[in-house]
Amino acid sequence: MADPTDPTSPATLAYAEAHSEPEPPLLHQLWRETHLQLMMPRMATGHWQGRLLSLLSHLVKPRRVLEIGTFTGYAALCLAEGLAPDGHLHTLEINPERASRIRRYVAAAGLNARVTLHLGDAAEVLGGLAGETWDLVYIDADKRHNGRYFDLVVEQVRPGGLLVVDNVLWGGKVLPDYAGGRANDADTVAVSAFNERMRHEPRVVPLLLPVRDGLLLLRKV
């Protein structure tokens, strides 16, 4: 029997989801479509984590949001919910085959004027956004490059701004006792190294939340 005190147990997570803000109908439609039509649908943010991203965005009230790794746009729509009246969200996606779905749902949410989708390699796209100052950054792309993405954007984040990095538990593989010892594949090594680096990074204050696959919150000092 699962430990009822385990905050990551399916029963606990189901209870938390049931007692959180309901998933908006458009986002549920997107989540369902993602699971029916795409490979690796677990990459979609989902109800509970999406409500957390929405809450963080509402608290920050950002004028400028940057998302690195759009997938189908679920997280982008959640982050856009808390935009300031003159706010804008830039989201970066490397796979052009996902563009039509992303744009369709951005339009359905009435956000065409407030969300810009950039297609291409993140490093190249970010070069064209060098003049922006970010209030909120969400990093959810190639895990081997978390450190690279962080380095590219951290100086553009305003003091007091927030960076959020997804999948920092990496299925538990970063834990020392995972399957008898920490996994040593390239992705796990990269995620683990990034997590350790953030413990000592002087430009941010870290808080790792063990929800879903792990969210690392970084407050810019």
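Let's start with Leu 117, which sits in strand β3 (residues 115-119); helices (H or I, at least four residues) and strands (E, at least two) are DSSP runs, numbered from the N terminus. This is a predicted model, where local features need pLDDT of at least 70 and side-chain atom pairs count only at pLDDT 80 or more, while totals for chains, interfaces and linings use all residues. Residues are numbered from 1 along each chain as its sequence is written, and side-chain values use heavy atoms, with hydrogens and water left out.

Leu 117 is buried, at a relative accessible area of 15%; buried means under 20% relative accessible area, exposed over 50%, and partly exposed in between (1.4 Å probe, protein chains only). Leaving aside residues up to four places away in sequence, Leu 117 touches Thr 70, Thr 91, Glu 93, Ala 99, Ile 102 and Arg 103, where contact means heavy atoms within 4.5 Å. Val 106 is eleven residues from Leu 117 in sequence, and their C-alpha atoms are 9.4 Å apart.

Now for the sheet. Seven strands make up an open sheet with mixed pairing, in the order β3-β2-β1-β4-β5-β7-β6. Here two strands pair if DSSP finds at least two bridges between them. β3 and β6 (204-209) stand at the edges with a single partner strand each, so one side of each has no neighbour in the sheet. On average, neighbouring strands of this sheet are turned by 15° against each other, direction ignored. Axes are lines fitted to C-alpha atoms, for helices over the stretch in contact, and angles run from 0 to 180 degrees between N-to-C directions.

| Strands | Sense | Bridges | Opposite residues |
|---|---|---|---|
| β1 (residues 64-68) and β4 | parallel | four | Val 65 and Leu 136 |
| β4 (residues 134-139) and β5 | parallel | five | Trp 134 and Val 157 |
| β5 and β7 (residues 215-220) | antiparallel | five | Asp 166 and Leu 215 |

Strand β5 (residues 157-166) has seven of its ten residues buried, so the rest of the structure largely encloses this strand. Together, β4, helix α7 (residues 146-153) and β5 form a right-handed β-α-β unit; right-handed means that, with the strands pointing away from the viewer, the path from the first strand over the helix to the second runs clockwise.

Helix α3 (residues 47-60) lies across β4, β5, β6 and β7, running at about 180° to β5. Helix α8 (residues 186-199) packs on the sheet too, touching β5, β6 and β7, with its direction at about 35° to that of β7.

Back in the loop between β4 and α7 we find Asp 140. Asp 140 counts as buried, at 15% relative accessibility. Its side chain makes a polar contact of 2.7 Å with that of Lys 143; such a contact is a pair of N or O atoms within 3.5 Å, and within protein one must be able to donate a hydrogen and the other to accept it, with residues adjacent in sequence counting only if both atoms are side-chain atoms. Beyond four places in sequence, Asp 140 touches Met 43, Ile 68, Gly 69, Asp 166 and Asn 167.

Finally, the cores. The largest nonpolar core has 29 residues, and those with the most contacts inside it include Leu 53, Leu 79, Tyr 138 and Leu 215. A nonpolar core is a set of buried Ala, Val, Leu, Ile, Met, Phe, Trp, Tyr and Cys residues joined through side-chain atoms within 4.5 Å. Helix α4 gives this core its largest share, seven residues.
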